[in-house]
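Please look through the structure below with the text beside it.

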Amino acid sequence: MIVEMRTGAPQVEVDDVVQRAKELGLGVQLNLGTNKVVVALLGPNTGQLPIDIFAVLPGVESVTRIMKPYKLSAREFKRDSTIVSVNGVQIGGKRIVVMAGPCAVEGEKQLMAAAMMVKEAGACILRGGAYKPRTSPFAFQGLEEAGLKMLQQTKQQFGLPVVTEVVAPNDVARVSEYADILQVGARNMQNYALLTEIGKSRCPVLLKRGLSATVTEWLTAADYLLAGGNDRVILCERGIRTFEDTTRFSLDIGSIPVIKKSSHLPLIVDPSHAAGHYSLVPALAKAAIAAGADGLLIEAHPNPKEALVDGLQSLTPSDFARLMSELKSIAEAVGRYI
Ligand code: PEP
Ligand code: MN
(Lines give C-alpha, C1' and ligand atoms only; values in the text may rest on other atoms or scores of the structure.)
(Ligands and ions follow the chains in the order given, each with its own letter.)
Protein backbone atom coordinates (compact mmCIF):
# COMPACT_ATOMS: atom_id res chain seq x y z
CA MET A 1 0.00 0.00 0.00
CA ILE A 2 1.38 3.42 -0.92
CA VAL A 3 0.52 6.48 1.17
CA GLU A 4 1.28 9.78 -0.52
CA MET A 5 1.50 12.76 1.85
CA ARG A 6 0.37 16.26 0.88
CA THR A 7 3.09 18.61 -0.35
CA GLY A 8 4.65 20.18 2.71
CA ALA A 9 2.93 17.87 5.21
CA PRO A 10 4.67 18.41 8.57
CA GLN A 11 6.83 15.69 10.08
CA VAL A 12 4.27 15.05 12.83
CA GLU A 13 1.71 13.94 10.21
CA VAL A 14 4.22 11.60 8.59
CA ASP A 15 5.01 10.22 12.05
CA ASP A 16 1.29 9.55 12.63
CA VAL A 17 1.11 7.44 9.47
CA VAL A 18 4.22 5.50 10.47
CA GLN A 19 2.85 5.00 14.00
CA ARG A 20 -0.50 3.69 12.71
CA ALA A 21 1.28 1.30 10.32
CA LYS A 22 3.42 -0.06 13.13
CA GLU A 23 0.35 -0.58 15.33
CA LEU A 24 -1.04 -2.72 12.52
CA GLY A 25 2.19 -4.72 12.32
CA LEU A 26 3.16 -3.35 8.91
CA GLY A 27 6.65 -2.67 7.65
CA VAL A 28 7.37 0.93 6.60
CA GLN A 29 9.61 2.34 3.89
CA LEU A 30 9.95 6.12 3.71
CA ASN A 31 10.62 7.83 0.43
CA LEU A 32 11.65 11.43 1.13
CA GLY A 33 11.24 13.60 -1.96
CA THR A 34 12.24 17.26 -2.13
CA ASN A 35 8.84 18.48 -1.01
CA LYS A 36 6.76 15.35 -0.69
CA VAL A 37 6.95 12.18 1.40
CA VAL A 38 5.70 8.84 0.10
CA VAL A 39 5.28 6.01 2.60
CA ALA A 40 5.25 2.40 1.40
CA LEU A 41 3.47 0.02 3.77
CA LEU A 42 4.54 -3.60 3.60
CA GLY A 43 2.86 -6.71 4.91
CA PRO A 44 1.29 -9.92 3.70
CA ASN A 45 -2.32 -8.76 4.14
CA THR A 46 -2.30 -5.16 2.98
CA GLY A 47 -4.75 -6.17 0.22
CA GLN A 48 -7.38 -6.85 2.85
CA LEU A 49 -6.82 -3.65 4.87
CA PRO A 50 -9.34 -0.88 4.22
CA ILE A 51 -7.43 2.04 2.69
CA ASP A 52 -9.54 4.44 4.79
CA ILE A 53 -7.41 3.60 7.85
CA PHE A 54 -4.69 5.76 6.33
CA ALA A 55 -6.76 7.99 4.05
CA VAL A 56 -8.43 9.66 7.07
CA LEU A 57 -5.17 10.66 8.72
CA PRO A 58 -4.25 14.36 8.53
CA GLY A 59 -1.81 15.24 5.77
CA VAL A 60 -2.58 12.19 3.62
CA GLU A 61 -3.17 13.05 -0.04
CA SER A 62 -3.94 9.59 -1.42
CA VAL A 63 -3.66 5.91 -0.62
CA THR A 64 -3.08 3.36 -3.39
CA ARG A 65 -3.49 -0.35 -2.97
CA ILE A 66 -0.82 -2.49 -4.59
CA MET A 67 -1.98 -5.87 -3.31
CA LYS A 68 -5.25 -7.22 -4.68
CA PRO A 69 -8.25 -7.27 -2.32
CA TYR A 70 -8.96 -10.93 -3.08
CA LYS A 71 -6.73 -13.55 -1.60
CA LEU A 72 -8.00 -17.14 -1.54
CA SER A 73 -9.07 -17.11 -5.19
CA ALA A 74 -5.73 -15.62 -6.30
CA ARG A 75 -3.15 -17.58 -8.25
CA GLU A 76 -0.51 -16.30 -5.82
CA PHE A 77 -2.35 -18.16 -3.06
CA LYS A 78 -2.51 -21.42 -5.01
CA ARG A 79 -0.22 -21.95 -8.00
CA ASP A 80 -1.88 -25.05 -9.45
CA SER A 81 -5.19 -24.71 -11.24
CA THR A 82 -8.11 -26.03 -9.24
CA ILE A 83 -10.08 -28.90 -10.68
CA VAL A 84 -13.61 -29.25 -9.32
CA SER A 85 -14.93 -32.77 -9.59
CA VAL A 86 -18.69 -33.12 -9.96
CA ASN A 87 -19.91 -36.73 -9.93
CA GLY A 88 -16.83 -37.79 -11.86
CA VAL A 89 -16.87 -34.82 -14.28
CA GLN A 90 -13.66 -32.83 -13.87
CA ILE A 91 -14.12 -29.10 -14.36
CA GLY A 92 -10.87 -27.24 -14.99
CA GLY A 93 -8.95 -30.16 -16.48
CA LYS A 94 -8.09 -30.84 -20.13
CA ARG A 95 -11.65 -31.68 -21.05
CA ILE A 96 -13.95 -28.83 -22.06
CA VAL A 97 -17.09 -29.32 -19.97
CA VAL A 98 -20.37 -28.28 -21.56
CA MET A 99 -23.37 -27.68 -19.32
CA ALA A 100 -26.56 -27.22 -21.31
CA GLY A 101 -30.30 -27.23 -21.05
CA PRO A 102 -33.24 -24.89 -20.81
CA CYS A 103 -33.21 -21.61 -18.95
CA ALA A 104 -36.05 -22.85 -16.74
CA VAL A 105 -37.49 -26.21 -15.81
CA GLU A 106 -40.97 -25.99 -17.32
CA GLY A 107 -42.29 -29.51 -16.89
CA GLU A 108 -41.33 -33.18 -16.90
CA LYS A 109 -41.67 -33.74 -20.62
CA GLN A 110 -39.68 -30.64 -21.50
CA LEU A 111 -36.88 -31.56 -19.10
CA MET A 112 -36.66 -35.18 -20.28
CA ALA A 113 -36.48 -34.03 -23.90
CA ALA A 114 -33.81 -31.49 -22.93
CA ALA A 115 -31.75 -34.13 -21.12
CA MET A 116 -31.96 -36.38 -24.16
CA MET A 117 -30.76 -33.55 -26.39
CA VAL A 118 -27.89 -32.69 -24.05
CA LYS A 119 -26.74 -36.28 -23.70
CA GLU A 120 -27.01 -37.14 -27.38
CA ALA A 121 -24.95 -34.12 -28.36
CA GLY A 122 -22.19 -35.17 -25.94
CA ALA A 123 -22.59 -32.52 -23.22
CA CYS A 124 -22.14 -33.79 -19.69
CA ILE A 125 -24.07 -31.56 -17.28
CA LEU A 126 -27.75 -30.56 -17.45
CA ARG A 127 -28.79 -27.01 -16.60
CA GLY A 128 -32.27 -25.84 -15.67
CA GLY A 129 -33.56 -23.20 -13.29
CA ALA A 130 -36.21 -24.14 -10.74
CA TYR A 131 -35.97 -20.71 -9.07
CA LYS A 132 -35.83 -17.91 -11.60
CA PRO A 133 -34.79 -14.43 -10.44
CA ARG A 134 -36.70 -12.37 -13.02
CA THR A 135 -36.40 -8.67 -13.70
CA SER A 136 -40.19 -8.35 -13.45
CA PRO A 137 -42.15 -9.77 -10.51
CA PHE A 138 -44.94 -10.65 -12.98
CA ALA A 139 -42.74 -12.94 -15.12
CA PHE A 140 -42.60 -16.75 -14.63
CA GLN A 141 -40.64 -17.33 -11.41
CA GLY A 142 -39.91 -21.05 -11.89
CA LEU A 143 -41.49 -24.26 -10.63
CA GLU A 144 -39.46 -24.09 -7.38
CA GLU A 145 -39.42 -27.33 -5.38
CA ALA A 146 -41.50 -29.19 -7.98
CA GLY A 147 -38.83 -28.18 -10.52
CA LEU A 148 -36.07 -29.49 -8.24
CA LYS A 149 -37.85 -32.85 -8.03
CA MET A 150 -38.05 -33.00 -11.83
CA LEU A 151 -34.33 -32.27 -12.04
CA GLN A 152 -33.61 -35.10 -9.63
CA GLN A 153 -35.77 -37.55 -11.57
CA THR A 154 -34.19 -36.60 -14.88
CA LYS A 155 -30.72 -36.81 -13.42
CA GLN A 156 -31.37 -40.34 -12.19
CA GLN A 157 -32.77 -41.38 -15.54
CA PHE A 158 -30.00 -39.90 -17.70
CA GLY A 159 -27.03 -40.00 -15.34
CA LEU A 160 -26.33 -36.30 -15.95
CA PRO A 161 -25.29 -34.10 -13.01
CA VAL A 162 -27.42 -30.95 -12.74
CA VAL A 163 -26.66 -27.29 -12.18
CA THR A 164 -29.47 -25.13 -10.87
CA GLU A 165 -29.76 -21.71 -9.30
CA VAL A 166 -30.31 -20.92 -5.66
CA VAL A 167 -31.58 -17.42 -4.92
CA ALA A 168 -32.10 -17.25 -1.15
CA PRO A 169 -29.86 -18.19 1.81
CA ASN A 170 -32.72 -20.17 3.37
CA ASP A 171 -32.99 -22.36 0.26
CA VAL A 172 -29.32 -23.43 0.15
CA ALA A 173 -29.77 -26.62 2.17
CA ARG A 174 -32.86 -27.70 0.20
CA VAL A 175 -31.43 -26.94 -3.25
CA SER A 176 -28.18 -28.75 -2.32
CA GLU A 177 -30.16 -31.94 -1.77
CA TYR A 178 -31.07 -31.94 -5.47
CA ALA A 179 -28.29 -30.01 -7.21
CA ASP A 180 -24.82 -31.21 -8.12
CA ILE A 181 -23.76 -27.60 -8.68
CA LEU A 182 -25.40 -24.58 -7.04
CA GLN A 183 -25.60 -21.63 -9.40
CA VAL A 184 -25.28 -18.11 -8.03
CA GLY A 185 -26.92 -15.84 -10.59
CA ALA A 186 -25.38 -12.63 -11.88
CA ARG A 187 -27.88 -10.58 -9.88
CA ASN A 188 -26.76 -12.29 -6.69
CA MET A 189 -22.99 -12.14 -7.09
CA GLN A 190 -22.78 -9.61 -4.28
CA ASN A 191 -25.54 -11.12 -2.13
CA TYR A 192 -23.18 -11.73 0.74
CA ALA A 193 -25.74 -13.50 2.94
CA LEU A 194 -26.24 -16.01 0.11
CA LEU A 195 -22.50 -16.40 -0.52
CA THR A 196 -21.82 -16.92 3.19
CA GLU A 197 -24.46 -19.65 3.40
CA ILE A 198 -23.11 -21.42 0.30
CA GLY A 199 -19.60 -21.06 1.74
CA LYS A 200 -20.69 -23.32 4.61
CA SER A 201 -21.92 -25.95 2.15
CA ARG A 202 -19.61 -28.43 0.41
CA CYS A 203 -21.68 -28.45 -2.77
CA PRO A 204 -19.83 -27.23 -5.89
CA VAL A 205 -20.86 -23.71 -6.83
CA LEU A 206 -20.95 -21.82 -10.12
CA LEU A 207 -20.47 -18.12 -9.37
CA LYS A 208 -21.71 -15.94 -12.20
CA ARG A 209 -20.13 -12.56 -12.78
CA GLY A 210 -22.39 -9.64 -11.78
CA LEU A 211 -23.90 -7.57 -14.58
CA SER A 212 -21.59 -4.67 -13.79
CA ALA A 213 -18.95 -6.27 -11.61
CA THR A 214 -15.24 -5.89 -12.27
CA VAL A 215 -13.06 -8.99 -12.33
CA THR A 216 -11.62 -7.88 -8.97
CA GLU A 217 -15.09 -7.64 -7.39
CA TRP A 218 -15.99 -11.03 -8.86
CA LEU A 219 -12.89 -12.72 -7.41
CA THR A 220 -13.47 -10.98 -4.08
CA ALA A 221 -17.00 -12.43 -4.08
CA ALA A 222 -15.45 -15.87 -4.75
CA ASP A 223 -13.35 -15.31 -1.62
CA TYR A 224 -16.58 -15.31 0.43
CA LEU A 225 -17.26 -18.87 -0.71
CA LEU A 226 -13.67 -20.01 -0.20
CA ALA A 227 -13.36 -18.30 3.18
CA GLY A 228 -16.38 -20.27 4.38
CA GLY A 229 -14.55 -23.49 3.56
CA ASN A 230 -16.23 -24.33 0.26
CA ASP A 231 -13.30 -24.83 -2.09
CA ARG A 232 -15.35 -26.21 -4.98
CA VAL A 233 -15.84 -22.87 -6.70
CA ILE A 234 -16.29 -22.48 -10.47
CA LEU A 235 -16.44 -19.01 -12.06
CA CYS A 236 -18.83 -18.14 -14.88
CA GLU A 237 -18.36 -15.19 -17.24
CA ARG A 238 -21.76 -14.26 -18.71
CA GLY A 239 -21.28 -10.81 -20.16
CA ILE A 240 -21.46 -7.39 -18.60
CA ARG A 241 -23.56 -4.29 -19.15
CA THR A 242 -21.92 -1.76 -21.47
CA PHE A 243 -23.21 0.97 -23.79
CA GLU A 244 -23.46 -1.62 -26.59
CA ASP A 245 -27.02 -2.74 -27.22
CA THR A 246 -26.75 -5.05 -30.22
CA THR A 247 -26.14 -7.95 -27.86
CA ARG A 248 -27.98 -8.51 -24.56
CA PHE A 249 -24.72 -8.08 -22.63
CA SER A 250 -21.14 -7.63 -23.83
CA LEU A 251 -19.25 -10.89 -23.49
CA ASP A 252 -15.97 -9.93 -21.87
CA ILE A 253 -13.62 -12.28 -23.70
CA GLY A 254 -10.73 -10.37 -22.14
CA SER A 255 -11.73 -11.54 -18.69
CA ILE A 256 -10.88 -15.13 -19.67
CA PRO A 257 -7.09 -14.71 -19.92
CA VAL A 258 -7.22 -12.22 -17.04
CA ILE A 259 -8.93 -14.77 -14.78
CA LYS A 260 -6.58 -17.52 -15.91
CA LYS A 261 -3.63 -15.34 -14.97
CA SER A 262 -5.06 -14.00 -11.70
CA SER A 263 -6.93 -16.99 -10.30
CA HIS A 264 -6.58 -20.75 -9.90
CA LEU A 265 -10.35 -21.33 -10.16
CA PRO A 266 -11.94 -23.02 -13.19
CA LEU A 267 -13.82 -20.73 -15.57
CA ILE A 268 -16.97 -21.48 -17.55
CA VAL A 269 -18.42 -19.08 -20.12
CA ASP A 270 -22.14 -18.55 -20.72
CA PRO A 271 -22.45 -17.25 -24.28
CA SER A 272 -26.28 -17.43 -24.20
CA HIS A 273 -27.04 -14.65 -21.73
CA ALA A 274 -24.34 -12.50 -23.30
CA ALA A 275 -25.66 -12.98 -26.85
CA GLY A 276 -29.40 -12.79 -26.17
CA HIS A 277 -29.98 -14.31 -29.61
CA TYR A 278 -29.52 -17.90 -30.73
CA SER A 279 -27.74 -16.89 -33.95
CA LEU A 280 -24.87 -15.28 -32.02
CA VAL A 281 -24.31 -18.07 -29.50
CA PRO A 282 -22.07 -20.42 -31.56
CA ALA A 283 -19.49 -17.75 -32.42
CA LEU A 284 -19.25 -16.58 -28.80
CA ALA A 285 -19.00 -20.16 -27.56
CA LYS A 286 -16.12 -20.86 -29.93
CA ALA A 287 -14.36 -17.62 -29.03
CA ALA A 288 -14.60 -18.52 -25.33
CA ILE A 289 -12.96 -21.91 -25.82
CA ALA A 290 -10.29 -20.41 -28.07
CA ALA A 291 -9.55 -17.83 -25.35
CA GLY A 292 -9.00 -20.48 -22.68
CA ALA A 293 -12.32 -21.12 -20.94
CA ASP A 294 -12.68 -24.51 -19.24
CA GLY A 295 -16.22 -25.02 -20.42
CA LEU A 296 -19.54 -23.54 -21.44
CA LEU A 297 -23.00 -23.02 -20.00
CA ILE A 298 -25.41 -23.00 -22.93
CA GLU A 299 -29.16 -22.55 -23.10
CA ALA A 300 -30.70 -25.14 -25.38
CA HIS A 301 -34.38 -26.11 -25.48
CA PRO A 302 -36.22 -28.98 -27.17
CA ASN A 303 -38.53 -26.39 -28.70
CA PRO A 304 -37.33 -22.80 -28.18
CA LYS A 305 -40.50 -21.41 -29.77
CA GLU A 306 -42.44 -22.66 -26.76
CA ALA A 307 -39.92 -21.77 -24.08
CA LEU A 308 -41.34 -19.86 -21.12
CA VAL A 309 -38.03 -18.07 -20.55
CA ASP A 310 -35.20 -17.03 -22.88
CA GLY A 311 -36.47 -18.87 -25.97
CA LEU A 312 -34.79 -16.35 -28.28
CA GLN A 313 -31.31 -17.19 -27.03
CA SER A 314 -31.89 -20.94 -26.76
CA LEU A 315 -30.41 -23.31 -29.33
CA THR A 316 -32.59 -25.95 -30.96
CA PRO A 317 -31.48 -29.59 -30.58
CA SER A 318 -29.99 -29.60 -34.08
CA ASP A 319 -28.16 -26.27 -33.64
CA PHE A 320 -26.82 -27.47 -30.31
CA ALA A 321 -25.60 -30.76 -31.77
CA ARG A 322 -23.90 -28.87 -34.62
CA LEU A 323 -22.18 -26.52 -32.20
CA MET A 324 -20.94 -29.42 -30.08
CA SER A 325 -19.37 -30.98 -33.12
CA GLU A 326 -17.86 -27.70 -34.35
CA LEU A 327 -16.32 -27.07 -30.93
CA LYS A 328 -14.18 -30.20 -31.25
CA SER A 329 -11.65 -28.65 -33.60
CA ILE A 330 -11.50 -25.42 -31.58
CA ALA A 331 -10.82 -27.43 -28.42
CA GLU A 332 -8.09 -29.42 -30.19
CA ALA A 333 -6.47 -26.25 -31.49
CA VAL A 334 -5.92 -25.10 -27.91
CA GLY A 335 -4.77 -28.49 -26.62
CA ARG A 336 -8.08 -29.51 -25.09
CA TYR A 337 -10.82 -31.99 -25.97
CA ILE A 338 -14.56 -32.01 -25.55
C1 PEP B 1 -29.43 -18.23 -15.93
O2 PEP B 1 -28.35 -18.81 -16.12
O3 PEP B 1 -30.51 -18.77 -16.10
C4 PEP B 1 -29.43 -16.81 -15.53
C5 PEP B 1 -30.50 -16.25 -15.00
O6 PEP B 1 -28.28 -16.18 -15.78
P7 PEP B 1 -27.69 -14.80 -15.19
O8 PEP B 1 -27.77 -14.90 -13.71
O9 PEP B 1 -26.30 -14.81 -15.73
O10 PEP B 1 -28.54 -13.69 -15.77
MN1 MN C 1 -31.81 -17.71 -19.05
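L126 has V162, in strand 9, as its bridge partner. Helices (DSSP runs of H or I, at least four residues) and strands (runs of E, at least two) are numbered from the N terminus. The model is predicted, so local features need pLDDT of at least 70 and side-chain atom pairs count only at pLDDT 80 or more, while totals for chains, interfaces and linings use all residues. Residues are numbered from 1 along each chain as its sequence is written, chains are lettered from A and ligands numbered from 1 in the order in which they are written, and side-chain values use heavy atoms, with hydrogens and water left out.

Strands 8 and 9 pair in the parallel sense over 2 bridges; two strands pair if DSSP finds at least two bridges between them. Together with helix 4 (residues 145-158), strands 8 and 9 make a right-handed β-α-β unit. Right-handed here means that, with the strands pointing away from the viewer, the path from the first strand over the helix to the second runs clockwise. On the other pairing, strand 9 runs parallel to strand 10 (residues 181-184) and is joined to it by 3 bridges, with E165 opposite Q183. Strand 9, helix 5 (residues 172-178) and strand 10 make a right-handed β-α-β unit as well.

Is strand 9 (residues 162-165) covered on both faces or exposed? V162 and T164 on one side, and V163 and E165 on the other, are all buried. Buried means under 20% relative accessible area, exposed means over 50%, and partly exposed lies in between (1.4 Å probe, protein chains only).

R127 belongs to strand 8 (residues 125-127) and counts as buried, at 3% relative accessibility. Its side chain makes a polar contact of 3.4 Å with that of E299. A polar contact is a pair of N or O atoms within 3.5 Å; within protein, one must be able to donate a hydrogen and the other to accept it, and residues adjacent in sequence count only if both atoms are side-chain atoms. Leaving aside neighbours within four places in sequence, R127 is in contact (heavy atoms within 4.5 Å) with residues including C103, H273 and E299.

The largest nonpolar core has 69 residues, and V98, I298 and F320 are among those that touch the most other members. Such a core is a set of buried Ala, Val, Leu, Ile, Met, Phe, Trp, Tyr and Cys residues joined through side-chain atoms within 4.5 Å. Helix 7 (residues 215-227) gives the most to this core, with 7 residues. Apart from this core lies another, of 17 residues, including M5 and I53.
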